[in-house]
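Please find below a short note on the model under review.

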Amino acid sequence: MKLSQFDYNLPSAQVALYPHSIERTVTNDNGEETTFSLKRPDECRMVVVHKKSQKIELRDSLLDVFDYFDEGDMFIFNNTKVLPARLYGTKEKTDAKIEVFLLRELNEEMRLWDVLVEPARKIRIGNKLFFNEEGTIVAEVIDNTTSRGRTLRFLYDCPHDVFKERIFSLGEAPLPRYVIDHKGKDGKLDRPVTEEDFDDFQNVFAEIEGAVTAPSTGLHFTRQMMKRLDIHGIKTAFITLHCGLGIFHPIEVEDLSKHKADSEEMHVTEETCDKVNTVKKNGHRVCCVGASVLKATETVVGTDGFIKPFDGWTNKFIFPPYNYGLADSCIVNLYHPKTPMVMATAAFGGYDIVMDAYKKAMKAGFRVGCFGDVMLIVND
């Protein structure tokens with residue numbers, strides 16, 4: 001298929017900049033009313049796509065998801081934990097402000113990190129960057145990796161756990177650029193980063209550190225929502241796929257068969273395999289929560305429809321036509337046009353009906369992005 005086939009009209013106003021919230025009004029003893037906003041990401045809106053009947057529903061809340069599942073069914077989540085990956089330092093001598101985005105640690109003993117820098121044109125091998133006012137946390141640029149990529153060596157002599165605690169304390173939530181670079185009607189940036197963002201951009205079940213962006217569909221599953229799953233007898237299982245920035249890189253080829261996706265580290269335990277495979281053997285439904293879970297489970301599923309333990313990397317790129325081997329349903333965010341996640345969604349539900357669902361959702365004012373609304377695809 002062609003890249004242009006996954007385009008759709010997305011009004012700027014329908015890019016979600018904050019988690020879904022609801023308004024509540026309380027009245028005190030004097031009859032005075034106070035209205036306040038309450039974050040409820042689990043009450044975002046939901047598009048439901050029925051693969052077999054080719055029906056599309058627009059539901060008011062993700063809480064309606066329980067209408068489509070039974071006791072004994074299973075939801076699979078991604079339990080990767082997001083790093084506070086975006087740091088700001090100053091360049092020695094010039095004091096120029098430099099954004100440093102941590103990608104991954106290359107060598108624990110030598111404090112080597114693979115990073116992206118912005119503006120990259122100002123950063124050369126040998127430059128030093130200072131990250132706190134005291135000048136105690138310093139990094140030296142020792143290599144160029146890509147146009148924006150650099151290898152940094154942090155010059156900080158202390159135990160490794162203390163170092164990571166210090167450097168992470170200086171970081172902020174790595175919100176996607178389409179959030180923090182969003183401009184209002186006046187053309188100015190209108191989305192400041194807040195202290196609440198790191199909690200908002202971290203799944204409540206996040207456990208294994210390593211992602212530089214959140215598996216965003218999981219952000220809608222609050223602790224209350226996870227408890228509801230348990231009450232309804234819906235089982236849960238967890239895989240780990242450390243989401244990287246590659247999902248945000250523009251696809252530069254029209255012919256999707258020529259696109260090479262970035263690799264991401266992933267792990268699937270034997271315990272998870274046993275849980276998922278047992279549900280499958282018992283004839284219950286398996287629902288993947290998020291495009292990262294779809295990618296991970298399709299990396300490890302065999303021709304028999306069961307998954308196997310895995311420790312390694314995946315660069316699986318899914319687009320139509322594609323036959324999924326494990327899940328018979330999925331919940332995914334509404335994603336930006338021309339992204340790998342839209343393609344994986346269309347491969348799961350069927351290109352025509354998924355793209356039609358996007359058009360209906362946009363017309364109805366649904367929101368897109370990590371804090372936006374969701375799509376449920378069921379096999380009926």
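The numbered points that follow concern a predicted model.

1. The buried side of helix α4. Helix α4 spans residues 223–231, and its buried residues are M225, M226 and L229. These three cover an arc of only 100° around the axis, which puts them on the same side of α4.

2. Packing and the end of the helix. Which strands do the buried residues of α4 pack against? They are β5 (74–78) and β14 (235–241). Just after α4, G233 adopts a positive phi of about 75°.

3. Salt bridges overall. How many salt bridges does the structure hold? The count is 22. The next points describe individual cases.

4. R40 and E43. The side chains of R40 and E43 form a salt bridge, with an N to O distance of 3.3 Å. Is E43 buried or exposed? E43 has a relative accessible area of 19%; the cut-off for buried is under 20%, so E43 counts as buried.

5. D181 and R177. A salt bridge also joins the side chains of D181 and R177, at 2.8 Å from N to O. D181 is partly exposed, at 35% relative accessibility. R177 is likewise classed as partly exposed, its relative accessibility being 36%.

6. K275 and E271. In this salt bridge the side chains of K275 and E271 meet at 3.6 Å, N to O. Why are K275 and E271 separated by about one helical turn? Both belong to helix α5 (residues 270–281), and they are separated by about one turn because they lie four residues apart in that helix. K275 is partly exposed, with a relative accessible area of 38%, whereas E271 is exposed, with a value of 54%.

7. A linked group. Which residues are linked with E57 in a network of salt bridges? The network brings together E57, R59, D64 and D67.

Note on methods
Residues numbered from 1 in each chain as written. Predicted model: local features only at pLDDT ≥ 70, side-chain atom pairs only at ≥ 80, totals over all residues. Heavy atoms only, no water. Buried < 20%, exposed > 50% of the residue type's maximum accessible area, 1.4 Å probe, protein only. Helix = DSSP H or I, 4+ residues; strand = E, 2+ residues; numbered from the N terminus. Arc of directions from axis to C-beta. Contact = heavy atoms within 4.5 Å. Salt bridge = Lys/Arg side-chain N within 4 Å of Asp/Glu carboxyl O.
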